[in-house]
Amino acid sequence: MNDACGKDERMRASDLMTKPVQSCFATDDLQRAAQLMWEGDCGIVPVLDPERHVIGVITDRDICMAAYMRGLGLRQMEVGSTMAKVVHAVREDDPVEAVEAAMRGAHVRRVPVLDGQRKLVGLLSIHDLAQAHRMSGERADGLGDETVVKTIREVCQRGVRRVVCPQAKVASDLMTREVHHCRVSDRLDRVAGVMWDYDCGSMPVVGDDGRTVGIVTDRDICMAAYTRAQPLREIPVTVAASRAAHSVRPDTPIGVVEAVMRMHRIRRLPVLDIGGNLVGFLSLADIVRHARASIEEDDALGFEKVAATLGSVYRRDDALLVRALGA
């Protein structure tokens, strides 16, 4: 509280949210929803009724899985049949602490922001939190190192909790060893099926020689279905996959892994042995899960270092955010 003016200066949802927000209607087809994601470079679109009240949300993963489960083109499926109807939203005047609590409690990465009439005015994501931390420095209003990292860790937590390795030093200590991969000859329906079966959002693409040549995500599949306007069974994985330009070795120090992620703004890295063979997969979420209070100077898994990595990977150039943070 500012004693001079009596004004509550806490950071609020309206200070960090993305606006304006792309939105659609339940009667729109999935091609329209994917088009909005493509044009707005976003992974979620709120679904509105005629009065602009939010009645659902649809994500790129929802579209990917609908295309897999039904085997249809996106124009043949309606948003209303695919969207999530349980909506976790916040108010524009909610403080950041309340937004983070809502995300942690619901395990959601993005929340619609509503005005006093419960109409859509913005969208706030964990990316916004990470970037706001990077640009604001240490704060006492929900954007401190430990608070931001713990919020994102809770949001990213899926399924059975993994055992934390307190002495983790290198990539092999944190990487996922049971890696589900696909082949360059696969079609996207098979890839999406594996993602569905194992509840994962990305897979390495392996060539005929057994070496990793690319990575494909559920978002890549969604966008390929949109741009090609074909069922997934007709689209080769090579259309959607990005080239695996960066990788690490099992003995790569965690600090170097984070540096690669920060420099290239990437969240996932294949772990290859000396022969170039895939032995694991390491994501930013794996690093976040193992973040801790620093146990030594310059600890790569300390909250300060991990928060800095999150802010760099998720950064975007946003003059509005700079002004909101008082820069």
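## Two helices in contact

Two residues are in contact when they have heavy atoms within 4.5 Å of each other. In this predicted model, Glu258, Met261 and Arg262 of helix H11 meet Lys305, Val306, Ala308, Thr309, Ser312 and Val313 of helix H13. Sorted by class, four residues of this contact are nonpolar, two polar and three charged.

The axes of H11 (residues 254-264) and H13 (residues 303-313) come within 8 Å and cross at roughly 25°. H11 is therefore roughly parallel to H13, a term for angles under 35 degrees.

A salt bridge is a side-chain nitrogen of Lys or Arg within 4 Å of a carboxyl oxygen of Asp or Glu. The count by this rule is eight.

Arg61 and Asp218 form one, with their closest N and O atoms 2.9 Å apart. Asp218 lies in helix H9 (residues 218-228) and Arg61 in helix H3, so the pair ties together parts that are 157 residues apart in sequence. Arg61 also meets Asp199 in a salt bridge, at 3.8 Å from N to O. Arg61 is buried at 16% relative accessibility, whereas Asp199 is partly exposed at 42%; buried means under 20% relative accessible area, exposed over 50%, and partly exposed in between (1.4 Å probe, protein chains only).

## Other salt bridges

Arg190 pairs with Asp186 in a salt bridge, at 3.1 Å between the closest N and O atoms. Asp41, Asp60 and Arg219 are linked in a network of salt bridges.

## Basis of the values

Residues are numbered from 1 along each chain as its sequence is written, and side-chain values use heavy atoms, leaving out hydrogens and water. Local features need pLDDT of at least 70 and side-chain atom pairs count only at pLDDT 80 or more, while totals for chains, interfaces and linings use all residues.

Technical notes:
Axes fitted to C-alpha atoms, helices over the stretch in contact; angles between N-to-C directions. Helix = DSSP H or I, 4+ residues; strand = E, 2+ residues; numbered from the N terminus. Parallel < 35°, antiparallel > 145°, perpendicular 65-115°, else oblique. Nonpolar A, V, L, I, M, F, W, Y, C, P; charged D, E, K, R; others polar.
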